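Here are a few friendly notes to read alongside the model. Take them in order, with the structure open beside you.

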Amino acid sequence: MELLGVTAIEDRLQDGVPECIRDLRRGGLKVWVLTGDKTETAINIAHASNLFSTDTELIHLHARNERDTAEMLDCMIENIDNKIQADNRAVDEIDFGLVVNGDSLTSCLKPEHLDKFLKLIKICRSVLCCRSTPLQKAALVKLVKKRLGGKVLAIGDGANDVSMIQSADVGIGISGHEGMQAVMASDYALARFRFLTRLLFVHGHWSYSRLALVILYFFYKNAVSPQKGMKKDFLAPSLSGFTSNKPSFTTL
């Protein structure tokens, strides 16, 4: 048999993705990747996109059944505690990364294992979920919102990301070759993933500052608006509960 040639297909990252994820992590954001790819492919992409660095302590959660998942959770938490005590460092000083597959994730989301799973993901700076279904993606977003009390931004480009985008506090869709379903279900639409850096760190900062300024303006307006027949006392409206807004009644 004579080999004539070899062909391969490569799904390359967009330009600027590694730099964008690096900036997000440096900004104090926890970045999770929820993908349907197999474990080996997902880990390679995570390293290429700066989700995992060379200093990341990877934790692999690949169990065959629910019983093995419970045992691995206990073992991982114990090993992490021992490592922290041995290195005499705080949890935030060690870059832990969690890699979990879809079967183990199904067991972790059950009520009897949920507390241990939450304790584990709190320790990790980055989480990589492989072979995850659209329902699992949405369940993880709801879990972080409800149990961890965090604000979640979800970004995706395919139809399998729609449920995750709709469950998040802020949903962002990327227009690409996989259709427009994610864009139609999102709050914001981007042409490239790297534009997320400017959306959060520039426009997000401006929006926060402008909202704070408007709120201060309303406090000032209500404080200096005097009641008719009274002297223009700055404290009179706030003490009397008066507002300068005209009352409006619904016409029945």
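This is a predicted model: local features need pLDDT of at least 70, side-chain atom pairs count only at pLDDT 80 or more; totals for chains, interfaces and linings use all residues.

1. Contact here means heavy atoms within 4.5 Å.

2. Residues are numbered from 1 along each chain as its sequence is written, and side-chain values use heavy atoms, with hydrogens and water left out.

3. Phe117 also belongs to the largest nonpolar core, which has 30 residues; Ile59, Leu98 and Phe117 have the most contacts inside it. Such a core is a set of buried Ala, Val, Leu, Ile, Met, Phe, Trp, Tyr and Cys residues joined through side-chain atoms within 4.5 Å, where buried means under 20% relative accessible area (1.4 Å probe, protein chains only). At least two residues of this core come from each of β2 (57–61), α3 (66–87), β3 (96–100), α4 (102–108), α5, β4 (126–129) and α6. The most, six residues, come from α5. Helices (H or I, at least four residues) and strands (E, at least two) are DSSP runs, numbered from the N terminus.

4. Apart from this core lies another, of 19 residues, with Ile21, Val31, Leu51 and Leu196 among them. In soluble globular proteins, nonpolar side chains tend to be buried together.

5. Next, look at how α5 meets its neighbours. The axes of α5 (residues 111–123) and α6 (residues 134–147) come within 12 Å and cross at roughly 80°; axes are lines fitted to C-alpha atoms, for helices over the stretch in contact, with angles from 0 to 180 degrees between N-to-C directions. That makes α5 roughly perpendicular to α6 (65 to 115 degrees). On the α5 side, Leu114, Asp115, Phe117 and Leu118 meet Leu140, Leu143 and Arg147 of α6.

6. With α3, α5 packs at an angle of about 35°, the axes being 10 Å apart. Residues making this contact include Leu73, Ile77 and Ile80 of α3 and Phe117, Leu120 and Ile123 of α5.

7. Leaving aside neighbours within four places in sequence, Thr39 is in contact with His62, Val99 and Cys130.

Technical notes
Angles under 35 degrees count as roughly parallel, over 145 as roughly antiparallel, 65 to 115 as roughly perpendicular and the rest as oblique. Buried means under 20% relative accessible area, exposed over 50%, partly exposed in between (1.4 Å probe, protein chains only).
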